[in-house]
Amino acid sequence: MDETDITFFKDGLRLDGRRADQLRPVKIEVGVLARADGSCYIEMGGNKVIAAVYGPREVHPRHLQEVSRAIVRYRYNMASFSVEERKRPGPDRRSYELSKVSREALEPVILTSFFPRSVIDVFVEVLQADAGTRTAGINAAAVALADAGIPMKSMISSCAAGKVADTIVLDPMKEEDNFGQADLPIAMTPNGDITLMQMDGGLTPDEFRRAVEMAMKGARDIYEIQRQALVNKYSQLTDPGHVEAVVQ
Amino acid sequence: MTNVISEIKKDFIYNLLLKGERADGRTFDQYREISIQRDVIRKAEGSALVKLGSSQVLVGVKMQPGEPFPDSPNRGVIITNAELVPLASPSFEPGPPNEVGIELARLVDRGVRESKAVDLEALCIVPGKQVWIVFIDVHILDDCGNILDAASLGAISALLCTKVPASKFGLGEDYILPIRDLPIATSAIEFNDVLMFDPGVDEEAIANTKLTIISTIEGNICGTQKSGTGMLKPEQVYRIIDIACEKAKEIREKFLEA
């Protein structure tokens, strides 16, 4: 199948009825795993991703230790059943790259110097994939880090923009990603400092700029949802009765 | 960025930077001298040795018939691999590629693939059964910084002189692999709001943010990647893009279109 075989827009709306600058529905739940120090479950459109944070804890193997700061490890992993054709379990080259850039998306805001010689482990499992798993993973991981009480300079929110049928669109879905003309995922702080930027496909410099701006707008909206999810969990804890229960 | 750099050297580079200078006297957007030797390996279908200042990268292209992917039965296959062999740097270790090597290979691949430089449909032999597989193997020989730009330049240079070895496999006469675009990767590091193109190995060690832009003949962008643990302002990204597309054009005209 070729990109020309698909009609991406009908009456100005996308295949799933969205406007060009509209996000898919996002749902975030904080603290979904009992064993992890922090965790988060996210749904972004058809993506279902769960993130867990362990640490700060002792580094194994020990030679990876840094004397002046904590190291951060990030493991992006796709479940074999998360995609149409069964994916062979275990890391592949794509997941190595995504793990690296995702870690580098979060590390700028983590106050690693507070925890010398330790490690902060972030594990991300993609349970169901529908284009945009790396952005969903980063969004979940950032919330899980906050849930784990890791000191951070700010939240990180991530979103992609793409190009289909010569139109810049926000948060591409599977069909738009597979048969579209470009994909540009970013991650950023609420201040607009970009911590992840990747792109493939074809964009003119002007389209690139518009895609960045659109993705940043999407990330800002996701930030509000992340924030609200954390507030929802922790405002319950400020209820005096609940705090007492936790202390006991 | 994993290189150990002494605090003294770091201070030196930093103080120069405040004066608007670089250790080797270049301007911030100036590339080191580039040289490309093509067809240096006779056993390969195409090859190129790229020198970017003292950085040296050798890229070899091998081709052989094989099976297409089920979801693209009439398209050839490109497989890009990079070896960061231990002779190239004290920080490279033997063993399977680590994430730095994998990222490098995937970025070289992204340039070739997304620019559609190789016409994959022209590499179909029998639809659904047999297609040409193009192996692009990047060998880093000397890492004096910015090996990604050198590797990417090496890949397209090697492809430009690649001969499809049809006769070897009884598939007719050998012919020159048709190339439709000339993607060029240009990378800049950001440090204290200074953007430095083609960073040397010490410059890479002081900065924690790098942005790579891969651009096409048309001046469009076919790939980008931010790497490192820093942040970039959108304005810095746009500034890098403007300069990167200019630089890419210069490199392309001087070395590839001649």
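Colleague: How do the axes of α1(A) and α2(B) meet?

Modeller: The axis of α1(A) and that of helix α2 of chain B, residues 99-114, come within 9 Å and cross at roughly 105°. This is a predicted model.

Colleague: What makes α1(A) roughly perpendicular to α2(B)?

Modeller: The crossing angle is roughly 105°. Angles of 65 to 115 degrees count as roughly perpendicular, so α1(A) is roughly perpendicular to α2(B).

Colleague: Which residues make that contact?

Modeller: From α1(A), A:Arg93, A:Tyr96, A:Glu97, A:Ser99 and A:Lys100. From α2(B), B:Glu99, B:Ile102, B:Glu103 and B:Arg106. They divide into two nonpolar, one polar and six charged.

Colleague: What does each chain bring to the contact between chains A and B?

Modeller: Chain A gives 26 residues and chain B gives 26 residues. On the side of chain A, α1, β11 and α4 each supply at least two. β11(A) gives the most, with ten residues. That side holds eleven nonpolar, seven polar and eight charged residues.

Colleague: How do you know that β11(A) pairs with β12(B)?

Modeller: Count the bridges. Four join β11(A) to β12(B), residues 221-227, and the strands run antiparallel. At least two bridges are needed, so these strands pair. One bridge sets A:Leu203 against B:Ile221.

Colleague: What is the strand order of the sheet that holds β11(A) and β12(B)?

Modeller: The order is β9(A)-β8(A)-β10(A)-β11(A)-β12(B)-β11(B)-β9(B)-β10(B), an open sheet of eight strands with antiparallel pairing. The twist averages 20° from one strand to the next.

Colleague: Why are β9(A) and β10(B) called edge strands?

Modeller: Each pairs on one side only. For β9(A), the partner is β8(A), residues 157-164, joined by four antiparallel bridges. A:Gly162 has A:Val169 as its bridge partner there.

Colleague: Which helices lie across strands from both chains?

Modeller: α1(A) lies across β8, β10 and β11 of chain A together with β12 of chain B, at about 135° to β11(A). Helix α5 of chain B, residues 234-256, lies across β11 of chain A together with β9, β10, β11 and β12 of chain B. α5(B) runs at about 140° to β9(B).

Colleague: Why is A:Gly218 called buried?

Modeller: A:Gly218 has 24 other C-beta atoms within 10 Å. The cut-off is 20 or more, so A:Gly218 is buried. The residue is found in helix α4 of chain A, residues 205-237. Beyond its sequence neighbours up to four places away, A:Gly218 touches A:Leu23, A:Cys159, A:Leu170 and A:Asp171. A:Ile186 is 32 residues apart from A:Gly218 in sequence and 9.9 Å apart in space, C-alpha to C-alpha.

Colleague: Which residues touch the most other members of the largest nonpolar core?

Modeller: Among them are A:Val122, A:Ile186 and B:Ala151; the core has 134 residues. A:Val122 touches, among others, A:Ala51, A:Leu106 and A:Leu145.

Colleague: How do you know that β4(B) and β6(B) pair, and in which sense?

Modeller: They share seven bridges, in the parallel sense. Two would be enough, so they pair. B:Glu83 is bridged to B:His139.

Colleague: Which strands of chain B run antiparallel to β6(B)?

Modeller: β3(B) is one, with eleven bridges. In that pairing B:Val61 stands opposite B:Ile136. β5(B) is another, with two bridges. β5(B) and β6(B) form a hairpin with three residues between them, and B:Gly128 in the turn has a positive phi of about 80°.

Methods: Residues numbered from 1 in each chain as written. Chains lettered and ligands numbered in written order. Predicted model: local features only at pLDDT ≥ 70, side-chain atom pairs only at ≥ 80, totals over all residues. Core = buried A, V, L, I, M, F, W, Y, C linked by C-beta atoms within 7 Å. Buried ≥ 20, exposed ≤ 12 C-beta atoms within 10 Å, placed from the backbone. Contact = placed C-beta atoms within 7 Å. Nonpolar A, V, L, I, M, F, W, Y, C, P; charged D, E, K, R; others polar. Axes fitted to C-alpha atoms, helices over the stretch in contact; angles between N-to-C directions. Parallel < 35°, antiparallel > 145°, perpendicular 65-115°, else oblique.
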